[in-house]
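Hello,

Here is the structure I promised to pass on. Please open it first, then read my notes below.

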Amino acid sequence: MTFGEKLKKLRSENALTQEQLAEKIFVTRTAVSKWETGEGYPSIDSLKAISNLFNVSVDELISDADIENKKSLDVKAAKRSYFSGILLLLTGALVLFLSFFFRGDSFFLGYLRGLFIGISIVVILIGFFIFIYEFVRAVNKK
């Protein structure tokens, strides 16, 4: 039985709605819904609150399959973030490249070129920091 199934069973046995459970452990109803469907997992603090509320141990709530599923969700999120960083780097480089086509003596073209260069630098920096952040997280997890 997964964590979500256990949580739903405990909640039903205690005649609580998702909203009522959420209020008792200080989270949103959406969080409870995600936990019950297996789309997410609670933090340690929330696990302890659930454990105390239903008078069961944390070990009884989670299983090895839940831990593996959580790791899988974390890896997917990291990959999405990693590729988002790469996409931002490439987009910024493309915008920077395109900015060199705005040449001329008019104020408008000069302004547009400066705007494109500024935007591309910001996008490249954001992409770079996302990429580095995910890289460092991946290295530290090993």
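Predicted model: local features only at pLDDT ≥ 70, side-chain atom pairs only at ≥ 80, totals over all residues.

Residues are numbered from 1 along each chain as its sequence is written, and side-chain values use heavy atoms, with hydrogens and water left out.

The largest nonpolar core has 16 residues. Phe3, Leu7, Leu21, Trp35, Ile50, Phe54 and Leu61 touch the most other members. A nonpolar core is a set of buried Ala, Val, Leu, Ile, Met, Phe, Trp, Tyr and Cys residues joined through side-chain atoms within 4.5 Å. Buried means under 20% relative accessible area, exposed over 50%, and partly exposed in between (1.4 Å probe, protein chains only).

Helix 1 (3–13), helix 2, helix 3 and helix 4 (44–54) each supply at least two residues of this core. Helices (H or I, at least four residues) are DSSP runs, numbered from the N terminus. In soluble globular proteins, nonpolar side chains tend to be buried together.

Take Ile50. Not counting residues up to four places away in sequence, Ile50 touches Phe3, Leu7, Ile25, Trp35 and Leu61. Contact means heavy atoms within 4.5 Å.

The axes of helix 2 (residues 18–25) and helix 3 (residues 29–37) come within 8 Å and cross at roughly 110°. Axes are lines fitted to C-alpha atoms, for helices over the stretch in contact, and angles run from 0 to 180 degrees between N-to-C directions. Helix 2 and helix 3 are therefore roughly perpendicular (65 to 115 degrees) to each other. On the helix 2 side, the contact is made by Gln18, Glu19, Leu21, Ala22 and Ile25. Helix 3 brings Arg29, Val32, Ser33, Trp35 and Glu36.

The axes of helix 2 and helix 4 come within 10 Å and also cross at roughly 110°. This pair, too, is therefore roughly perpendicular. Leu21, Lys24 and Ile25 in helix 2 meet Ala49, Ile50, Leu53 and Phe54 in helix 4.

**Two buried residues**

Where is Leu16 placed? Leu16 is in the loop between helix 1 and helix 2. Leu16 counts as buried, because its relative accessibility is 13%. Leu16 touches Arg11, Lys24, Leu53 and Phe54, leaving out residues up to four places away in sequence.

Ser99 is in helix 6 (residues 64–99). Ser99 counts as buried, at 0% relative accessibility. With residues up to four places away in sequence not counted, Ser99 touches Arg113, Phe116 and Ile117.

Best wishes

Note on methods: Parallel < 35°, antiparallel > 145°, perpendicular 65-115°, else oblique.
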